[in-house]
Amino acid sequence: MMTVKTNIKKEDKVKVIAGKDEGKIGKVLKVIRKDNRVIVENINKVKRHVKPDMKNRQGGIIEQEAPIHLSNVMLMCNHCMKASRIRMQELENGKKVRVCRKCNENIDA
């Protein structure tokens, strides 16, 4: 499996654009580069049956977030509050930043 360069980082706000949770917005908890997937807070919840062990004495059914493919999420711009594509721009000091294509505002600021 080939890994794709991603512009989504941990703590970013993303909007789900496909799947059962389409239209929902959440914060990225983890980026799994190897599988081209992200785990988003309160999105794609699945139920898991867990046996009791040392960490979880009770056991039972646990709800947790499952990974979503990168192609099914879109980065949210903090300024125009819309899901948009982004482009990379180099500043005068040589630092690269992500810029919203709709409002041309810096996302990393």
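Q: Why is Asp21 called buried in this predicted model?
A: Asp21 has a relative accessible area of 10%. Buried means under 20%, so Asp21 is counted as buried.

Q: What makes Asp21 and Lys24 a salt bridge?
A: Their side chains meet at 3.1 Å, N to O. The cut-off is within 4 Å, so the pair qualifies.

Q: Why does Lys24 count as partly exposed?
A: The relative accessibility of Lys24 is 41%. Exposed means over 50% and buried means under 20%, so Lys24 falls in between.

Q: What makes Arg98 and Asp12 a salt bridge, and which parts of the chain does the pair tie together?
A: The closest N and O atoms are 2.7 Å apart, and the rule asks for within 4 Å. Arg98 lies in strand β9 (residues 96-100) and Asp12 in the segment before β1 (13-16), so the pair links parts 86 residues apart in sequence.

Q: How do you know whether Arg98 and Asp108 are buried or partly exposed?
A: Arg98 has a relative accessible area of 4%, and under 20% is buried. Asp108, at 32%, counts as partly exposed.

Q: What joins Asp12, Arg98 and Asp108 into one network?
A: Salt bridges with shared partners do. Arg98 pairs with Asp12, and Arg98 also meets Asp108 at 2.8 Å, N to O.

Q: How many helices and strands does the protein chain have, and why is the chain called more spread out than a compact globule?
A: There are zero helices and nine strands. The radius of gyration is 17 Å, well over the 13 Å that the globule rule gives for 109 residues, so the chain is more spread out than a compact globule.

How values were computed:
Residues numbered from 1 in each chain as written. Predicted model: local features only at pLDDT ≥ 70, side-chain atom pairs only at ≥ 80, totals over all residues. Heavy atoms only, no water. Helix = DSSP H or I, 4+ residues; strand = E, 2+ residues; numbered from the N terminus. Rg over C-alpha atoms; globule rule 2.2 N^0.38 Å. Buried < 20%, exposed > 50% of the residue type's maximum accessible area, 1.4 Å probe, protein only.
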